[in-house]
Amino acid sequence: MAIETTRAVHGTRSRYVNGPCHCDRCRSANADYQVGARLERRLRLLAGLASPTHGKHSTYVNWGCHCPACTKANSEASHPRGTGPVCDG
Ligand SMILES: [Zn+2]
Ligand SMILES: [Zn+2]
């Protein structure tokens, strides 16, 4: 019996992942999923049900963790050079 995942209709995340199809409808379905997954992770983090590795840019982004370690990792990822003070002018 073949698994018919590739016949999933457009506008679904499974089509985006397994298709793979990156048309507008599938992309937006995937984006919706990502937003939901991120929110769920954030809630689990806030509820103390999850313990992601802190001090990582991905934890800041994916878990919405703004602890000092993750915030620092995020700012370093945004400014990878880390060459010290930079003139704003
Ligand atoms: Zn599609
Ligand atoms: Zn953190």
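Ser-78 belongs to helix 4, which covers residues 68-78. In this predicted model, Ser-78 counts as exposed because it has 8 C-beta neighbours inside 10 Å, and 12 or fewer is the cut-off for that class. Ser-78 and His-57 are 21 residues apart along the chain, and 9.1 Å separates their C-alpha atoms.

His-54 is situated in the loop that links helix 2 to helix 3 (57-62). With 16 other C-beta atoms within 10 Å, His-54 is partly exposed. Beyond residues up to four places away in sequence, His-54 touches Thr-59, Cys-65, Cys-67, Ala-69 and Cys-70. Thr-71 is 17 residues from His-54 along the chain, with 9.4 Å between the two C-alpha atoms.

The two C-alpha separations are set out below.

| Residue pair | Separation along the chain | C-alpha separation |
|---|---|---|
| Ser-78 and His-57 | 21 residues | 9.1 Å |
| His-54 and Thr-71 | 17 residues | 9.4 Å |

The overall fold is described next. The chain contains four helices and zero strands, and its pattern along the sequence reads α-α-α-α. Of the 89 residues in the chain, 11% are buried. Where contacts join residues at least 6 apart in sequence, 3% of them link residues at least 24 apart.

The largest nonpolar core consists of five residues: Tyr-60, Trp-63, Cys-65, Cys-70 and Ala-73. In soluble globular proteins, nonpolar side chains tend to be buried together. Ala-73, one of the core residues, is in contact with Gly-55, Lys-56, His-57 and Tyr-60 when neighbours within four places in sequence are left aside. Cys-65 and Cys-70, also members of this core, are among the residues that His-54 touches.

Helix 2 spans residues 24-46 and comprises 23 residues. From its first C-alpha to its last, helix 2 reaches 33 Å, close to the expected 33 Å at 1.5 Å a residue. After helix 2 comes Gly-48, which has a positive phi near 75°. The peptide bond joining Gly-19 and Pro-20 is cis, with omega about -20°. Most residues other than glycine have a negative phi, and most peptide bonds are trans.

As to confidence, the mean pLDDT of the chain is 87, and 80% of its residues reach 70 or more. Helix 2 has the highest confidence, at a mean of 95, while helix 1 has the lowest, at 93.

Technical notes:
Residues numbered from 1 in each chain as written. Chains lettered and ligands numbered in written order. Core = buried A, V, L, I, M, F, W, Y, C linked by C-beta atoms within 7 Å. Buried ≥ 20, exposed ≤ 12 C-beta atoms within 10 Å, placed from the backbone. Contact = placed C-beta atoms within 7 Å. Helix = DSSP H or I, 4+ residues; strand = E, 2+ residues; numbered from the N terminus. Expected span 1.5 Å × (residues − 1). pLDDT = per-residue confidence, 0-100.
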